[in-house]
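Dear colleague,

Please find the structure below, handed over for your review. My notes on its pockets and on one residue follow it.

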Amino acid sequence: MAPDSLQCLAQLASLHGPVFPDEAAQVDYLAYFIEGLLSTIHGIEIEDSEAVGISSIISNLITVFPRNVLTAIPSELSSSFVNCLTHLTCSFGRSAALEEVLDKDDMVYMEAYDKLLESWLTLVQDDKHFHKGFFTQHAVQVFNSYIQCHLAAPGGTRNLTANGVTSREEEEIR
């Protein structure tokens, strides 16, 4: 996706206020927006240049829309959204760890990962709108992914490059 398209979608994801006549209109808008977002990013490989834009869209959806609107979307769609959030968080976390190892100048995945982690904090701190344990499985998955990216091999992936060679071995090769 083009950066301008992602910026436009991020702005549309933060649409709120008197533009909606009532809560039902907000729920409908949010549901259609999430459906479109999920169908757009489902099954594609997200490019480096798209990571921050996609995380901004998701962050805006979570932080701008009131919890009662977010919880009013159909449960199947809500579940798909949280599954997508989990998958993207873990994926961006792994890519952020790789960026760190490779000493990349532009840390786009780290920025995207930070936005998604902040989104998670917003969701899990609001315990009165979600039933107890709603995020447990997802939080465990995100936490385990974080730990794996920060532990060295063999239990983790820290210091592994895309070729499976540790950064120390890579320096010895040079």
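The lining of the second largest pocket consists of Tyr113, Leu117, Trp120, Leu121, Val124, Ala139, Val142, Phe143 and Tyr146. Please note that this is a predicted model. Helix H6 (108–125) and helix H7 (136–150) each contribute at least two residues to its lining, and H6 gives the most, with five residues. By class, the lining of the second largest pocket comprises nine nonpolar residues, no polar and no charged.

The largest pocket has a volume of about 330 Å³. Its lining is made up of 16 residues, of which Ile41, Ile44, Ile46, His87 and Leu88 are the closest to the centre. Helix H2 (23–41) and helix H5 (75–101) each provide at least two residues of this lining; the largest share, eight residues, comes from H5. In the largest pocket the lining residues divide into eight nonpolar, seven polar and one charged.

I also looked at Asp48, which lies in helix H3 (residues 48–64). Leaving aside neighbours within four places in sequence, Asp48 is in contact with Lys104, Val108 and Tyr109. The C-alpha atoms of Asp48 and Ser95 are separated by 9.2 Å, and the two residues are 47 residues apart along the chain.

With kind regards

Conventions. Residues numbered from 1 in each chain as written. Predicted model: local features only at pLDDT ≥ 70, side-chain atom pairs only at ≥ 80, totals over all residues. Heavy atoms only, no water. Helix = DSSP H or I, 4+ residues; strand = E, 2+ residues; numbered from the N terminus. Contact = heavy atoms within 4.5 Å. 1 Å grid on protein atoms, 1.4 Å probe; cavity = no way out; pocket = protein on both sides within 12 Å on 5 of 7 lines; lining within 4 Å. Points joined across faces, edges and corners; volume = space filled by probe spheres on them. Nonpolar A, V, L, I, M, F, W, Y, C, P; charged D, E, K, R; others polar.
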